[in-house]
Amino acid sequence: MGPDGAGEEKTVHGQGRMPDPPVVQIPCLVKGVGPGWHAVLYRLHGQLAARWPGYRAIGVKEKFGGLRVQVDVGERAAREAAAPLVRAAEAQAGALCEFCAGPGRVRTRNDTPAGWIKTVCDDCHRAWSAREIMIVSGAVRYSGRGGDGLAVAGVG
Ligand SMILES: [Zn+2]
């Protein structure tokens with residue numbers, strides 16, 4: 001029977017708010033894609049943060065050769081307002097080499113009909129097809145094979 005004051009447990013912890021968890025925003029996630037797209041991502045971050053300072057980035061990645069960004073800006077109206085900004089950034093990245101930000105387009109390795117696809121410029125396509133360059137943790141890594149002559153990150 002004991003009316004073990006279940007009601008008493010309702011004690012609400014006053015206004016004490018849980019500390020907000022650190023908010024993950026786009027700059028935290030840029031390493032998910034190559035350096036050629038980082039400027040586009042930082043610009044998008046600036047646009048989003050200006051209007052929704054607490055927005056959250058859920059994902060930044062390359063999919064089917066293109067940039068994919070997922071963010072949470074809050075309620076529906078905000079989502080609808082943010083969507084075109086995100087789409088525009090993805091479209092911009094679609095024209096930029098993921099390695100060097102030069103003019104790029106979606107291609108496969110060695111232009112084979114199937115296979116891994118990436119948005120690349122002509123120079124990086126050649127090096128990527130030859131497996132001389134790859135993207136690791138958001139940076140371009142050069143395979144040793146090409147020797148030092150290969151420090152071609154030279155944009156342009
Ligand atoms: Zn390139």
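**View 1. N110 sits in the loop that links strand 3 (105–108) and strand 4 (117–120).** Strands here are DSSP runs of E, at least two residues long, numbered from the N terminus. This is a predicted model, where local features need pLDDT of at least 70, side-chain atom pairs count only at pLDDT 80 or more, and totals for chains, interfaces and linings use all residues. Residue numbers start from 1 along each chain, following its sequence as written. N110 isn't a glycine, yet its phi is positive, about 60°. N110 is also exposed, with 11 other C-beta atoms within 10 Å (exposed means 12 or fewer such atoms around a residue's own C-beta, with C-beta atoms placed from the backbone).

**View 2. Strand 5 (residues 133–136) and strand 6 (residues 139–142) run antiparallel, joined by 4 bridges.** Two strands count as paired if DSSP finds at least two bridges between them. Look for I133, which stands opposite Y142 in strand 6.

**View 3. S137 is found in the loop between strand 5 and strand 6.** This hairpin has 2 residues between its strands. S137 has a positive phi of about 50°, although it is not a glycine. With 7 other C-beta atoms within 10 Å, S137 is exposed.

View 4. pLDDT is the predictor's confidence in each residue, from 0 to 100. The chain averages a pLDDT of 86, and 78% of the residues score at least 70.

Key. A residue is buried if 20 or more other C-beta atoms lie within 10 Å of its own, exposed if 12 or fewer, and partly exposed in between; C-beta atoms are placed from the backbone.
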